[in-house]
2 protein chains.
Amino acid sequence: MFDDLRFPVIAAPMAGGPTTPELVAAVSAAGGFGFLAGGYLSADALADRVAKTAELTGEPFGVNLFVPGGAASADLSEHIERWRTEAAHYGVEPGEPQWDDDAYAAKLGLVLERKVPVVSFTFGTPSPEDVERLHANGSKVAVTVTTPTEADQAVAVGADALVVQGFEAGAHRGLFADEAGAEGGGAQYGVLSLLRLVSARTDLPLVATGGLVHGADIAAVLAAGAVAAQLGTAFLRADEAGTQPAHRKALADGGRPTAFTRAFSGRPARSLVNRAVTDFSATAPSAYPEVNNLTKPIRAAAGKAGDPEVMSLYAGQTYELAGSGPAASIVERLQTEAREAATRLSRLR
Amino acid sequence: MFDDLRFPVIAAPMAGGPTTPELVAAVSAAGGFGFLAGGYLSADALADRVAKTAELTGEPFGVNLFVPGGAASADLSEHIERWRTEAAHYGVEPGEPQWDDDAYAAKLGLVLERKVPVVSFTFGTPSPEDVERLHANGSKVAVTVTTPTEADQAVAVGADALVVQGFEAGAHRGLFADEAGAEGGGAQYGVLSLLRLVSARTDLPLVATGGLVHGADIAAVLAAGAVAAQLGTAFLRADEAGTQPAHRKALADGGRPTAFTRAFSGRPARSLVNRAVTDFSATAPSAYPEVNNLTKPIRAAAGKAGDPEVMSLYAGQTYELAGSGPAASIVERLQTEAREAATRLSRLR
């Protein structure tokens with residue numbers, strides 16, 4: 001799986017705007033592989049994107065789905081009050097901090113109906129029964145894992161490949177469960193160490209992700225044993241990405257550190273540090289998707305106003321080195337760099 | 001620098017016992033490069049080890065020194081009380097929680113006198129004047145860095161190479177300053193991401209370290225641009241290492257997670273989780289070397305008694321995959337694995 005790509009780079013599914021059919025099509029057409037981000041979308045909206053992507057490219061592409069968890073038990077009142085002030089500033093109402101299942105069943109039905117060749121899952125595993133349905137339908141199943149234990153669980157449900165996510169990665173950690181007391185929501189592994197530990201437990205193909213931004217990083221994880229490298233932040237400023245202008249500008253300006261925060265969504269995600277991260281992280285509850293629904297209209301208003309201080313500026317640790325331009329040119333640069341990096345290993349022979 | 005090694009693996013300096021002249025000599029003789037650990041030793045004891053290593057191998061080797069910091073301002077009384085109970089259990093007196101400068105000037109004088117070819121520094125940079133003295137004497141200078149900012153500081157004093165330490169690494173983080181409020185003492189970067197960020201700021205040769213335990217990891221960091229890989233945990237159970245039996249056993253048994261703790265030394269270090277890590281980490285002050293001096297006799301007594309629960313079981317994130325046997329056979333295995341890994345990159349050509 002993924003070993004037949006002309007160039008083993010995968011455009012990470014980036015929910016909430018950055019991933020577009022145009023980005024997925026461009027990366028797949030350039031010899032890599034793109035994933036549509038099914039998270040947050042209605043099944044109808046996802047159907048439109050699948051159709052649009054298929055229109056734009058004849059190459060295969062994948063769809064990522066968020067696995068729903070249980071409703072939160074945390075007290076949200078303090079966090080709601082904090083965001084109410086921000087909402088008032090923009091003259092909008094905060095969203096309802098409700099649990100939802102992200103229309104999981106409907107979207108799973110859609111990817112089955114459209115016979116999407118690769119379906120990846122985040123925040124948990126699909127049930128063994130759903131994996132069987134996907135397999136019977138000709139689809140391959142990938143599961144995002146952040147620890148060796150999660151890898152074991154993904155293997156147990158019959159996954160065909162694992163997306164091994166290091167803590168360097170931008171946006172949400174794929175944690176199956178967010179431990180409220182733990183900084184970052186649970187154990188944190190660097191991508192190379194996690195790849196090594198997971199490699200020792202399974203022979204499944206492993207896709208490495210987390211902080212990879214340069215072609216030499218792709219060469220590195222391939223040498224380490226990955227079948228492909230998944231890059232998100234590297235494509236955030238691509239022409240085809242749907243990243244908001246204020247987010248793009250903050251990435252291009254650089255200078256901000258990154259940190260894990262539950263401030264925006266109620267789940268640990270790596271973001272550039274802005275006022276919301278600084279002020280709201282300490283009291284942000286473990287309550288996804290309740291907090292995500294709460295802050296959505298406020299983040300949207302801030303984005304429209306071009307205010308980076310209360311938007312979720314999700315990005316990986318190496319974001320300052322990500323480029324811009326057409327996705328095809330980004331893939332081409334990565335490929336050139338990866339080839340140069342490969343020649344360094346002649347020293348080992 | 002380090003680009004003339006037969007095999008670009010460096011045995012990390014492991015202060016407090018694990019590194020021995022025999023281990024350094026064996027790794028240097030096997031085509032890699034070994035570092036003696038100068039930390040904690042008197043200048044005389046270090047002199048003996050330098051002499052002994054030179055007796056054992058004609059190959060060059062290095063010495064690592066700890067750069068002293070300021071005295072702690074934290075209140076140690078609660079932490080002292082906690083360790084007093086452990087001390088009583090073993091019938092020993094806790095050590096004096098005093099500051100010291102680790103005999104830095106005397107040991108610097110020694111490495112100058114012995115014309116040690118490579119001197120590496122941890123916990124800070126040497127002064128520009130000391131770098132000049134070392135250069136005038138024919139020595140090369142390496143500095144351990146954990147952030148891009150520390151890399152800039154090391155470049156500024158005239159270092160010849162940087163040891164880029166990812167947060168995956170076992171034992172002490174090389175942090176120039178330990179931020180008392182921060183989990184892990186400051187910004188945490190994965191080794192690949194840090195290597196990428198530092199590569200973008202300097203053309204100095206970079207040695208990668210942190211969680212590297214397999215030959216494929218060495219190939220990976222070379223592909224990513226490192227000139228060599230430094231491995232510590234991979235040699236902890238080598239025949240020639242001075243690692244205590246109870247520490248060896250805990251490593252071989254596996255199953256324990258690792259975590260950062262100031263419990264043993266007053267500085268963040270990655271250790272296997274044992275009772276001391278679980279019970280003492282939350283209240284452990286940022287106070288190095290005061291806490292190290294406090295706990296030393298108690299840890300020694302626990303080590304003698306073979307009790308892993310109050311020893312510093314320092315280890316990197318991938319410790320469960322480290323092997324044992326003669327250091328030469330470990331180096332040979334790493335080399336075979338690295339060569340196999342290099343062949344995976346033929347796909348990129």
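This is a predicted model: local features need pLDDT of at least 70, side-chain atom pairs count only at pLDDT 80 or more; totals for chains, interfaces and linings use all residues.

**Notes on the structure**

1. In strand S9 of chain A, Gln230(A) is the bridge partner of Thr209(A). The two strands concerned are S8 of chain A, residues 206-209, and S9 of chain A, residues 228-231; they run parallel and are joined by 3 bridges.

2. In chain A, 8 strands form a closed barrel with parallel pairing, in the order S1-S2-S3-S4-S5-S6-S8-S9. From one strand to the next, the twist averages 25°. Helix H7 of chain A, residues 191-199, packs on the sheet, where it touches S8 as well as strand S5 (140-145) and strand S6 (161-165) of chain A. The direction of H7 makes about 165° with that of S8(A).

3. A further sheet in chain A is open and consists of 3 strands with antiparallel pairing, ordered S7-S11-S10. Its edges are strand S7 (171-172) and strand S10 (258-261) of chain A; each has a single partner strand, so one side of each lacks a neighbour in the sheet. Between S7(A) and strand S11 of chain A, residues 269-272, there are 2 bridges, and these strands run antiparallel. Within this pair, His172(A) stands opposite Ala269(A) of S11(A).

4. As to chain A as a whole, it contains 12 helices and 11 strands. Its radius of gyration is 19 Å, close to the 20 Å that the globule rule gives for 349 residues, so chain A is as compact as a globular protein of that length. The C-alpha trace of chain A spans about 60 × 45 × 40 Å along its principal axes. Of the 349 residues in chain A, 59% are buried. Among contacts in chain A with a separation of 6 or more, 69% are between residues 24 or more positions apart.

5. How are the two chains related? Chain A is superposed on chain B by a rotation of 180° with 0.0 Å of shift along the axis, at an RMSD of 0.0 Å. The two copies are thus related as by a two-fold rotation axis. The same surface serves both copies, since 100% of the contact residues of chain A recur in chain B. Ala220(A) is the residue of chain A that comes closest to the rotation axis, its C-alpha lying at 2.0 Å.

6. The contact between the chains involves 39 residues of chain A and 39 residues of chain B. On the side of chain A that touches chain B, at least two residues each come from H7, helix H8 (215-223) and helix H12 (327-343) of chain A. H8(A) gives the most to this side, with 7 residues. The residues of this side of chain A comprise 22 nonpolar, 9 polar and 8 charged.

7. Leaving aside residues up to four places away in sequence, Ala228(B) touches Phe2(B), Leu5(B), Pro8(B), Val9(B), Ile10(B) and Val207(B). By contrast, 38 Å separates the C-alpha atoms of Ala228(B) and Asp279(B), which are 51 residues apart along the chain.

Notes
Residues are numbered from 1 along each chain as its sequence is written. Chains are lettered from A and ligands numbered from 1 in the order in which they are written. Two residues are in contact if their C-beta atoms, placed from the backbone, lie within 7 Å. Copies are superposed by least squares on the C-alpha atoms of residues with pLDDT of at least 70 in both. Two strands pair if DSSP finds at least two bridges between them. Helices (H or I, at least four residues) and strands (E, at least two) are DSSP runs, numbered from the N terminus. Axes are lines fitted to C-alpha atoms, for helices over the stretch in contact, and angles run from 0 to 180 degrees between N-to-C directions. Ala, Val, Leu, Ile, Met, Phe, Trp, Tyr, Cys and Pro count as nonpolar, Asp, Glu, Lys and Arg as charged, and the others, Gly among them, as polar. The radius of gyration is taken over C-alpha atoms; the globule rule is 2.2 Å times the number of residues to the power 0.38. A residue is buried if 20 or more other C-beta atoms lie within 10 Å of its own, exposed if 12 or fewer, and partly exposed in between; C-beta atoms are placed from the backbone.
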